[in-house]
2 protein chains.
Amino acid sequence: MKGCEHEALHDDLAERARQSMPDDESILSLAAAFKAISEPSRLKILFALRQGEMCVYHITRAVGSTQSAVSHQLRILREGHIIRARRDGQNIVYSLADAHVVAVLALACEHLNCAF
Amino acid sequence: MKGCEHEALHDDLAERARQSMPDDESILSLAAAFKAISEPSRLKILFALRQGEMCVYHITRAVGSTQSAVSHQLRILREGHIIRARRDGQNIVYSLADAHVVAVLALACEHLNCAF
DNA sequence: TTAGAATATGAATAAGTGTTCATATATTCT
DNA sequence: AGAATATATGAACACTTATTCATATTCTAA
């Protein structure tokens, strides 16, 4: 494999791309963030939280899953800085971390011609 | 588990969330799109393609992987409608599908306080 | 402080996924 | 047409991950 060498210009392009590549740590952080929102069960949680902050029980009802499964997923979303947790008495209330999350969801829906 | 029933208001919230939940097909499409951009190796390809369209050989060089691995990853990105393929003689030239991709990457970088 | 309720977590299992190796397909050149 | 090149693909293996079940933790109320 030698590539389209008739366009030596592209060798430069590849070299520039290699040099401007983010470091592994940044790539891993980005991957973790996207991975957090790339599972159907977690996406459902995010769509639920778009309606407003909710405790675990209500999230569980909104997405139609079990308490344990939701709790595990919430942890991943929390660690990916996609959602925030706040204690309110006996409950823990979750909400979307910031406007970026809503914006990314909106962009993706637009990208796929969804209606959300 | 009964939830924070002292705020009967949240029962309505959960119910509204349940009703406004996108259908499973939409959720799966979204998940597939995000999953496509949630792997370090594929993210590197996207960052490479931000420099401009490239053939497989140059992508391989830019990300420092093997031809086969890159080809498999390109398929996933293609099927997730993240990138476009176009034949140019003996080569296949890949490029980012649309501005949404760049925008999502930028938002995520902003979200994580990255510099890209 | 003890009982009860809401949420979190560890272990186990089942399903999904990335890479490698070998090979197939498609295109160009002679 | 045949050889050479660029890219794609199938199978296999290692690794990751989502869910379930049982249990732990953290808070409130009495």
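A residue is termed buried when its relative accessible area is under 20% and exposed when that area is over 50%, with partly exposed in between (1.4 Å probe, protein chains only). The model is predicted, so local features need pLDDT of at least 70 and side-chain atom pairs pLDDT 80 or more, whereas totals for chains, interfaces and linings use all residues. Residues are numbered from 1 along each chain as its sequence is written, chains are lettered from A in the order in which they are written, and side-chain values use heavy atoms, without hydrogens and water.

In helix 5 of chain A, the buried residues are Val70(A), Gln73(A), Leu74(A) and Leu77(A); helices (H or I, at least four residues) and strands (E, at least two) are DSSP runs numbered from the N terminus. Viewed down the helix axis, these buried residues fall within an arc of 110°, taken from the directions from the axis to the C-beta atoms, and they therefore line one face of helix 5. The face turned away from the buried side carries the exposed residues His72(A) and Glu79(A). Elements covering the buried residues include helix 2 (24-36), helix 3 (40-49) and strand 2 (83-88) of chain A, where contact means heavy atoms within 4.5 Å. Helix 5 is followed by His81(A), which has a positive phi, near 60°.

Between the chains, the contact takes 64 residues from chain A and 66 residues from chain B. The buried area, defined as the accessible area (1.4 Å probe) lost by two parts on being put together and summed over both, is about 5700 Å², with carbon and sulfur atoms giving 73%.
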